[in-house]
Amino acid sequence: MKCIDKYIKIILCGVLCSSLFIGCSSSESNLSTYENKQYEKTVYKADGIAKKLCVTSKEEIPYKSVNTDATLSAAGLFSLHDKKVVYGKNIYQKIYPASTTKILTALVALKYGNLDDVVTVSKTATTFPPVASLCGIKAGDKVTLRELLYGLLIPSGNDAAVAIAEHISGNVENFAKLMNKEAYDIGATHTHFVNPHGLHDDNHYTTAYDLYLIFNQCIQYDEFIKIVSETKHDMSVVSKDGTTRTLPLETTNLYGLDKAEKPEHMNIIGGKTGNTGEAKRCLVLLSENEQGDSYVSIVMGAETKSLVYENMNKMLNAVSE
């Protein structure tokens with residue numbers, strides 16, 4: 001297989017074992033307490049695994065002349081059509097995800113929720129500082145789960161994230177447990193989240209490879225692709241007094257706003273941004289070349305917005321040459 005070394009570490013979980021795969025470069029002594037409890041440390045031959053996923057045991061994977069910025073926390077390029085890790089930089093290194101967390105929030109909502117459910121927004125869901133990324137819902141608002149996903153993924157609304165969490169699991173703590181279960185079940189065993197939005201917590205972390213696994217699950221849902229490919233959306237909300245209002249949403253993805261130079265010969269479908277002081281600038285992206293071959297590309301920990309897109313273009317331009 002193109003993207004496999006002789007052995008990799010994967011998790012085994014009951015009847016799901018045939019679909020739970022992960023490469024791992026961390027030693028057992030470096031695993032957190034959470035990981036030591038959750039990670040099943042069995043080494044398997046990789047034959048057959050790459051039929052479904054891009055798999056490698058290498059943390060650094062060079063590709064052509066790609067030279068991503070040295071200051072990045074991690075970066076990766078994953079070919080979905082031939083199941084190959086094309087490029088990797090620190091792909092198993094523990095990193096903070098910022099709002100790319102919301103990819104897993106969306107996955108849990110899509111798996112466990114009914115998109116037509118009407119959610120009543122709590123005061124807790126709207127209690128954020130003014131500088132926080134919000135979609136604009138208010139306590140007492142009624143909004144469908146589908147519309148909350150737009151508010152979550154397009155403007156990266158932290159308020160939408162909490163409203164979704166409370167609807168699915170009753171509270172943020174229980175939802176975070178469900179997030180971690182879902183991550184574990186798909187092989188993202190080096191992920192541990194404590195909230196649905198990605199505001200910083202030292203115990204809230206992931207890896208670039210785990211983000212690929214999570215994003216790869218999300219894009220199995222047509223509704224997810226539809227939402228992340230939108231640049232703008234008018235979110236319909238029923239206010240506490242019964243009147244309907246519209247919240248205009250705009251993507252945080254500069255590719256979608258034509259504010260970043262796009263890679264050549266590639267169609268940018270959509271993705272999810274992230275930004276905190278600790279995580280810096282992040283982007284997880286789905287794109288396809290002129291032949292219709294799909295790629296997931298990830299840039300984590302860029303110092304500036306421009307560096308996110310410059311490094312994303314380095315990877316995508318190389319693969320489209």
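How much space lies in the largest cavity? About 40 Å³, in what is a predicted model. Let's look at that cavity, and then at a pair of helices.

## The cavity and its lining

Searching the whole structure turns up one cavity of 30 Å³ or more. Rolling a probe the size of a water molecule over the atoms is what shows where empty space is left.

Which residues line the largest cavity? They are Leu 153, Ile 154, Ile 227, Val 228, Glu 230, Thr 251, Thr 252, Asn 253, Gly 271, Lys 272 and Thr 273. Helix H7 (222-228) and strand S9 (266-276) each give at least two residues to this lining, and S9 has the largest share, with three residues. Sorted by class, the lining holds four nonpolar, five polar and two charged residues.

## How H4 and H5 meet

Two packed helices can be described by the angle between their axes and the distance between the axes. For helix H4 (residues 158-169) and helix H5 (residues 172-185), the axes come within 8 Å and cross at roughly 85°. Angles of 65 to 115 degrees count as roughly perpendicular, and H4 and H5 are therefore roughly perpendicular to each other.

On the H4 side, the contact is made by Val 162, Ile 164, Ala 165, Ile 168 and Ser 169. H5 brings Val 172, Asn 174, Phe 175 and Leu 178 to the contact. By class, the contact of H4 with H5 has seven nonpolar and two polar residues, with no charged residues.

How values were computed
Residues are numbered from 1 along each chain as its sequence is written. This is a predicted model: local features need pLDDT of at least 70, side-chain atom pairs count only at pLDDT 80 or more; totals for chains, interfaces and linings use all residues. Side-chain values use heavy atoms; hydrogens and water are left out. Axes are lines fitted to C-alpha atoms, for helices over the stretch in contact, and angles run from 0 to 180 degrees between N-to-C directions. Helices (H or I, at least four residues) and strands (E, at least two) are DSSP runs, numbered from the N terminus. Angles under 35 degrees count as roughly parallel, over 145 as roughly antiparallel, 65 to 115 as roughly perpendicular and the rest as oblique. Contact means heavy atoms within 4.5 Å. Ala, Val, Leu, Ile, Met, Phe, Trp, Tyr, Cys and Pro count as nonpolar, Asp, Glu, Lys and Arg as charged, and the others, Gly among them, as polar. On a 1 Å grid over the protein atoms alone, a cavity is a set of points where a 1.4 Å probe fits but cannot get out, and a pocket is an open set with protein on both sides within 12 Å along at least five of seven lines; lining residues have an atom within 4 Å of a point. Grid points are joined across faces, edges and corners, and a volume is the space filled by probe spheres set on the points.
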